[in-house]
Amino acid sequence: MEIIFTLIGISVFLAIIFLGAFIWSVKRGQYDDPLTPGIRILFEDKKHQKKSK
Amino acid sequence: MKATAYIKSQDLCHHCGDQLADEAVEKNGHHFCCKGCSTVFDILNRNDLCEYYELDPKAGINPGELHKEKFAYLDDERVQQKLLSFKKQHKAIITFQIPQMHCMSCIWLLERLYRFEKAIESSRVNFNRKELQVNYDPSKLALSHLVYLLSSLGYEPHLSLASEKSGKAKPLERRLWLQIGIAGFAFGNIMLFSVPEYFDSLGQLPENFKNSFGFISLLLSLPVLFFSDLDYFKSALAGLRKGAFNLDFPLSLGMISLFIYSSYSVFFEGGMGYFDSFAGLVFFLLLGKAFQNKTINQFSFDRDYRSFFPLFAIKLKNGNQETIPIENLKVGDRILVQHQGLIPSDGYLLKGNGVIDYSFVTGESIPETKQLGEVIYAGGRQVSNNIEIELKKTVSNSYLTSLWNNEKFQKPKEKLNRLNDNAGRFFTLGVVLVALIGVLMWLPDISASIRVFASVLIIACPCALALSAPFAFGNGIRILSRSGFYLKNTSVLEALSRLDHLVFDKTGTLTDNHKFDINYSGRRLNDLEVSQVRSICSHSSHPMSKSIFQSLVGQDLLVNEFRETPGKGIEGIQKGDKYRIGNWDWVGQQEMEQGVFVQKNGTVIGKFMIEGHVREEMSRTLDELSLNYDMSICSGDNKASWKKWLEIMPSGSNIKFDQDPQDKAKEIQKLQKAGNRVCMIGDGLNDGLALKTADVGLAFTEKKDTLTPASDGVLSGASFYDLDKILKFSRGCSNIVRISFAISILYNCIGLYFALIGILSPVIAAILMPLSSITIVAFTTGSTGLYSRILGLKNLISN
């Protein structure tokens with residue numbers, strides 16, 4: 001049953017990676033505007049001549 | 001998910017939705033209220049962007065009058081340095097403040113600017129902050145053209161001294177996100193380890209597991225202790241320094257006890273501790289804080305006087321024009337103020353026709369004429385042609401600025417959170433008392449005494465109590481903003497519930513600045529004369545002429561030799577009759593008298609009295625309010641219409657005229673010293689000082705383009721008549737908070753029962769805390785929503 005501590009170690013390690021990703025995204029500014037991206041997603045762009053990029 | 005296309009009736013502008021008047025234009029089968037709107041439609045049509053109208057029925061904004069030269073100063077190197085956040089030869093980034101954006105269509109259009117100009121790479125909207133960030137090629141597109149493009153679509157950016165601070169989200173907001181994330185992470189993971197304890201299966205596991213899980217929980221709690229909960233400790237200490245126990249004190253006490261006792265349990269008793277409750281407590285409290293801070297506002301409440309001033313002025317030197325920042329203007333400088341330009345500082349009129357509109361500053365809707373050599377004060381807007389002024393004060397020393405910064409009228413900052421502070425004091429006392437009782441109960445047994453003492457502190461931690469105000473008031477603010485009433489933060493809602501005296505500004509607030517009541521007194525005019533007067537007035541664009549024109553019914557007659565002398569009056573000849581319509585001295589009256597006089601062939605035959613139209617339903621609204629509040633009016637106007645106001649205002653109201661900005665603020669201070677809690681409702685800069693002095697200052701605005709003076713809240717045209725309901729609602733929210741305090745204390749008592757008996761196990765703590773929190777959240781949000789529906793508050797969700 002002591003194997004559980006190894007398992008705990010691995011899962012906490014994974015969880016910390018995700019926490020790190022969260023911290024990175026907040027510092028990067030992804031949480032600065034929670035409102036507009038949700039609206040932006042709903043726009044449909046009709047087929048127009050696309051800008052070459 | 002497309003909204004169905006909105007069908008406009010024939011009487012409304014296809015673009016902005018305003019009623020069609022005389023300047024209506026027809027194009028492509030659509031009707032527009034003015035050339036500006038039809039131009040916007042043209043631009044959109046040409047670029048195949050008419051989807052703009054489909055996304056939101058109220059999308060279009062009237063662009064108003066545009067002058068290209070207005071933006072010429074933006075191409076100056078120094079100006080750009082101040083405004084652009086990034087500039088290289090082929091790439092520049094600038095962030096604009098665009099208060100006019102109000103719907104999905106706005107976002108849609110503003111993010112498709114690249115369709116208008118190839119040189120625009122991309123643009124991105126931050127709707128909460130009303131900002132637009134544009135990425136463009138400065139070598140191919142001048143900044144002035146970019147701003148002109150935005151203005152011609154109806155989205156003129158607001159460029160001012162204060163706007164230099166826009167851009168990044170404050171690091172404070174990010175910090176809260178991080179605190180919540182870490183607390184949530186710890187909470188979730190610790191709970192996993194506590195599961196065996198909840199289900200009593202620890203007995204089935206090897207001995208040391210319990211303690212090991214305890215250690216892991218301790219480790220996970222460390223970042224919560226040293227980062228997430230810091231703000232509560234800071235606040236508790238700050239309160240102590242002032243000699244008061246606010247609600248954060250028992251909270252901090254609870255948190256620290258939880259951590260210390262749990263650590264003690266893990267190290268010395270082989271136990272697991274209460275770390276799940278600890279992390280959970282911090283997590284829920286932080287969520288409450290985030291909910292309270294959520295900004296749903298379209299308005300910026302922190303405007304100071306500098307927001308109303310332009311960034312740059314045109315200085316004249318040796319016949320040359322030079323654009324310089326207005327802070328650099330010195331006494332003696334000669335500046336050029338263009339049509340519709342703002343006067344940045346006090347000065348003497350040297351050249352040109354000075355006709356200054358001070359409506360925003362003094363509340364007077366009629367522009368003042370200034371003679372050469374007269375002093376013109378800062379804050380006015382020049383409505384005639386270009387003029388030149390020699391400055392006698394710098395911008396920061398002008399009369400307006402000194403008024404704004406007057407030390408005597410600063411609002412004391414400590415008016416917040418009364419309910420919470422009172423609860424905190426009461427609670428701390430109660431907790432310490434009960435803890436001592438517990439110790440005494442178990443005294444011979446030392447270890448039991450300590451355990452009971454700690455348990456009491458832990459379970460008395462007022463988590464639910466601390467959530468009551470944030471959720472009740474936070475939801476309250478959300479509900480009110482759906483009714484068109486916007487508050488700065490939750491403390492204002494609490495302050496609103498304690499008011500007992502309302503002070504109204506007259507001009508622009510109780511009366512409409514754009515509608516006038518006209519009364520004629522004098523010799524009765526025959527039909528021909530009526531038509532003559534009307535026809536002459538039709539040639540003038542002065543608001544008074546327009547009002548007279550609209551109020552008379554007659555034929556359109558040909559007028560010869562029409563002339564308008566700004567600030568004085570108009571004249572013209574019709575069929576041999578010479579008319580002069582205007583001021584008392586324009587028509588040769590000996591004494592100064594209010595009104596617009598009509599002179600025919602040298603004799604004055606009558607006059608028009610033109611006054612701001614009292615808003616509809618004003619009497620009813622004021623009567624309702626007077627049932628619960630004392631009322632006053634403070635006005636900058638003179639006593640001419642005093643009698644009329646006596647009738648309109650409920651009996652017993654206090655009416656004061658001839659008030660300048662300082663008089664208004666002094667009046668409010670007088671009321672406050674007499675023990676009243678005063679709310680000021682006004683609309684212009686002239687009320688700014690009073691708004692700051694009052695316990696609650698509400699700015700009234702009709703437009704979405706929000707240049708409101710610094711205030712605690714904004715009343716829109718829609719919500720003004722519901723003021724009675726709104727104030728009732730605020731009182732209701734305070735009562736809901738009090739009831740919710742009672743409920744959470746009930747939970748605390750149940751917990752205390754377990755603590756005093758000595759059987760407060762981690763399981764019980766872990767159950768009680770989330771249970772009480774969820775009950776409070778559900779109760780507060782539910783009852784505030786219910787109460788708003790009972791009162792019948794409007795719901796005008798636009799976005």
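Predicted model: local features only at pLDDT ≥ 70, side-chain atom pairs only at ≥ 80, totals over all residues.
Residues are numbered from 1 along each chain as its sequence is written, and chains are lettered from A and ligands numbered from 1 in the order in which they are written.

Chain B is divided into domain 1 (1-60), domain 2 (172-294 + 418-472 + 731-791) and domain 3 (310-394), with bounds that come from an automatic or database domain assignment. Between the C-alpha centres of domain 2 and domain 3 of chain B the separation is 61 Å.

An open sheet of chain B contains seven strands in the order β16-β28-β27-β26-β17-β24-β25, with mixed pairing; helices (H or I, at least four residues) and strands (E, at least two) are DSSP runs numbered from the N terminus, and two strands pair if DSSP finds at least two bridges between them. At the edges stand β16 (485-487) and β25 (654-656) of chain B, each of which pairs on one side only. Strands β26 (residues 678-682) and β27 (residues 696-701) of chain B run parallel and are joined by four bridges, and B:M680 has B:G697 in β27(B) as its bridge partner.

Helix α26 (residues 762-791) of chain B comprises 30 residues and reaches 44 Å from its first C-alpha to its last, close to the 44 Å expected at 1.5 Å a residue, where the expected span is 1.5 Å times one less than the number of residues. Among the buried residues of α26(B) are B:P762, B:L768, B:I776 and B:T784; a residue is buried if 20 or more other C-beta atoms, placed from the backbone, lie within 10 Å of its own C-beta. The helix α26(B) is followed by B:G792, which has a positive phi near 85°.

B:I548, located in helix α19 (residues 543-551) of chain B, counts as buried because it has 24 C-beta neighbours inside 10 Å. Apart from neighbours within four places in sequence, B:I548 is in contact with B:I518, B:C537, B:V596 and B:F608, contact being defined by C-beta atoms, placed from the backbone, that lie within 7 Å.

The contact between the chains takes 19 residues from chain B and 21 residues from chain A. On the side of chain B that touches chain A, α4 (104-110), β5 (120-126) and α6 (171-198) of chain B each supply at least two residues, and the largest share, six residues, comes from α6(B).

Terms used
Buried ≥ 20, exposed ≤ 12 C-beta atoms within 10 Å, placed from the backbone. Contact = placed C-beta atoms within 7 Å.
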